[in-house]
Amino acid sequence: MAVNNDVLVKINSLKKYFPVRSGIFLRAKKYVRAVDNVSFTIKKNETLALVGESGCGKTTIGRTILHLLEPTDGEVIFDNKNLTKISKDELKELRKGMQIVFQNPYTSLHPRKLVKDIVGEPLKIHTDFSSVEILRRVKETLENVGLREEHMYRYPHEFSGGQRQRIAVARAIILRPKFIVLDEPTSALDVSVQARILNLLNKLKEELSLTYLFITHDLAVVDYMADRVAVMYLGKVVEIGKKDDIFKRPAHPYTRVLEAAIPIPDPFFKKERILPKGEVPNPVNPPKGCRFHTRCDYAVDKCKELEPQLEKVDDEHYVACHRWKEI
Amino acid sequence: MEKLLSVRNLRTIFHTYRGVVKALNGVSFDVYKKDFLGVVGETGCGKSVTSLSIMRLIEDPGEIVDGSVVFEGRDLLKLSEEEMQKVRAKEISMIFQEPKMALNPVLKVGYQIAEAVSTAEDLPIKSKEVQEKVYEILKAVGLPDPESMVEKYPHELSGGMAQRIMIAMGLVTKPKLLIADEPTSALDVTIQAQILHLIKELVSEMGTSAMIITHNLGVVAEYCERVVIMYAGNVAEIGNVKTIFKEPLHPYTKGLIKAVPVIGTKGKLQTIRGIVPDLVNPPSGCRFHPRCDHALDICSKELPPIKEVEPGHFVACHLYD
């Protein structure tokens, strides 16, 4: 593979299937195809947003990229190294460069550890710094995320949701990673707190030259944070492109439905009035052909038989739909 | 506009081991006939407690200590439990956030809807009339094939279907007011759009008023006509949705609207400093004053009363005295 210096993360035909075990021997008879043949790249210093409804596989992709989940098939290339082909020790080394912030700051922090130990743990695992040096760095990192030295000696339950999320962000940046997966980092927070966390994430991205994979279902947040957007439906990327392409010139019928369905906090914002049809099918038995055809207003016979592949619409704008030119 | 429900100076408290949580601190607002009202605020602002207090569903250790809830000329807080049951059965319906937890898991959904009809109309549950009404409402909420739907148990339904059943149960008695407490927060966005459209369509057909409790300003902006903004157990501002988004008056409303990114937001998001107060020891006077950039001396001393500054636009803030 050609070395490309602009690209930090590249995934190729990534698949992640979860077995559904049943019967007395608990044999896997069926699989949930949470991520099914997904490829995309994330460039250095950009924020790629991954949007879609629950169960579309967006969280699974984030975790599979970090190898918190072993992919069923396909490759993940991080910083020009193929994560699927390296040893455990090499993976541990690479893990320093990639971190994650989870959705729920009430469950992602160890309740019986002090903040200094939670934030300092990555340093303990990955470096041989002295405990004095670790404390110094924890203090510095907490200041970076807007917390104070005195917070080091407290437990997570003493903090509000927004402060806990700051602790989780501090833990993620203390190793000076290149790449952070943000898995719905503000969905559990109130709006006035969300604004502060989003501002913090943008500030850190600048200061530390970070690259983000931002997983969310809030389109206004996507518009505010992202450079590019990938839209997922039932384990597939159906459309990917620059933010403006996705918002101003959406090519996939699902992207349009999703944009119409998500309420925008602005009563003067004019948007297409499309009411989504039906419900998301069971991912154990996804529809044949285009997975969206059962809910699509434009579906023809071809859509029921043949699975559409990503086609180029424009520079960096790709869509997987047989009829995007006509609709 | 004609008033359907007037909440005045409502105070609800909860006795906890940490002390008394003053959850509602004198809440006042009106719901008009054919209203589509949103009640919005952040966690702990008292929006759910308000709806539960209206329905008198506050249980020990909670207690409604003051105020009135006048519904069509009667103060609901003064009714006997039996009379209140009748109000809940026929006149005010409520639907909740988690439809699957609100349904009885061991009864078929058809029976649960029929029960609502038979209680409200005083008809035998097995009568033909009841059955017809059940079929009719199931079609109205967009559930095809009512004959097989009535035989299903709640676990056989998806979240969206379960919420449709809840709406069917709530509207089958043709109530005068439907209270929906975060009706779509547990659902996917495409299903959320379907459910909110459905509620809006059905209540306008029936001439029912709706009160939607939500934390989502997007839901308010897209679906509601009027909105009540709550903060820490008080009403901060009431008005027409477009007016509130365009010309908010209360500093909290202003901060809240600027804190949410909308399509096209550039630059840093504005934030509200500080955090939501602990309602065991709420700040004196206006509960928002410690976080307010415009606070005056009086703000820490006196709770601002809510007053009408323009027709239909109410605000509780000393800046508008």
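**Before you click**

This is a predicted model, in which local features need pLDDT of at least 70 and side-chain atom pairs count only at pLDDT 80 or more, while totals for chains, interfaces and linings use all residues. Residues are numbered from 1 along each chain as its sequence is written, and chains are lettered from A and ligands numbered from 1 in the order in which they are written.

**Stop 1: chain B as a whole**

Select chain B and color it by secondary structure: there are 11 helices and 12 strands. Helices here are DSSP runs of H or I with at least four residues, strands are runs of E with at least two, and both are numbered from the N terminus.

How much of chain B is buried? Buried residues make up 50% of its 321 residues. A residue is buried if 20 or more other C-beta atoms lie within 10 Å of its own, exposed if 12 or fewer, and partly exposed in between, with C-beta atoms placed from the backbone.

**Stop 2: where the chains meet**

Now show both chains. 30 residues of chain A are in contact with 36 residues of chain B; contact means that the C-beta atoms of two residues, placed from the backbone, lie within 7 Å. On the chain A side, α6 (191-208), α7 (219-225) and α9 (253-261) each supply at least two residues. The largest share, six residues, comes from α6(A). By class, this side of chain A has 19 nonpolar, five polar and six charged residues. Nonpolar covers Ala, Val, Leu, Ile, Met, Phe, Trp, Tyr, Cys and Pro, charged covers Asp, Glu, Lys and Arg, and the others, Gly among them, are polar.

**Stop 3: two crossing helices in chain B**

Select 109-121 and 128-140 of chain B, which are α4(B) and α5(B). They pack at an angle of about 115°, with their axes 9 Å apart. The axes are lines fitted to C-alpha atoms over the stretch in contact, and angles run from 0 to 180 degrees between N-to-C directions. Show side chains: B:Gly110, B:Ile113, B:Ala114, B:Val117 and B:Ser118 in α4(B) meet B:Val130, B:Lys133, B:Val134 and B:Ile137 in α5(B). These residues divide into six nonpolar, two polar and one charged.

While you're in α5 of chain B, click B:Tyr135. With 16 C-beta neighbours inside 10 Å, B:Tyr135 counts as partly exposed.

**Stop 4**

Select 58-65 of chain A. This is α1(A), and eight of its eight residues are buried. Just after α1(A), A:His67 takes a positive phi of about 60°.

Next, select 47-51 of chain A. Five of the five residues of this strand, β3(A), are buried, so it is largely enclosed by the rest of the structure. Which way do they point? A:Thr47, A:Ala49 and A:Val51 point one way, and A:Leu48 and A:Leu50 the other. β3(A) runs parallel to β8 (residues 211-216), joined by five bridges, and also pairs in the parallel sense with β9 (residues 228-233) over four bridges. Strands count as paired if DSSP finds at least two bridges between them. Click A:Leu48: it stands opposite A:Leu213 in β8(A) and A:Arg228 in β9(A).

**Stop 5: an open sheet and its loop**

Find the open sheet of four strands in chain A, with the order β2-β1-β4-β5 and antiparallel pairing. Its edge strands are β2 (27-43) and β5 (81-82). A:Asn80 sits in the loop between β4 and β5 of chain A, and has a positive phi of about 65° although it is not a glycine.

**Last stop: a cis peptide bond**

Back in chain B, zoom in on the peptide bond from B:Asp60 to B:Pro61, which is cis, with omega near 5°. B:Pro61 lies in the loop between α1 (47-54) and β4 (62-71) of chain B.
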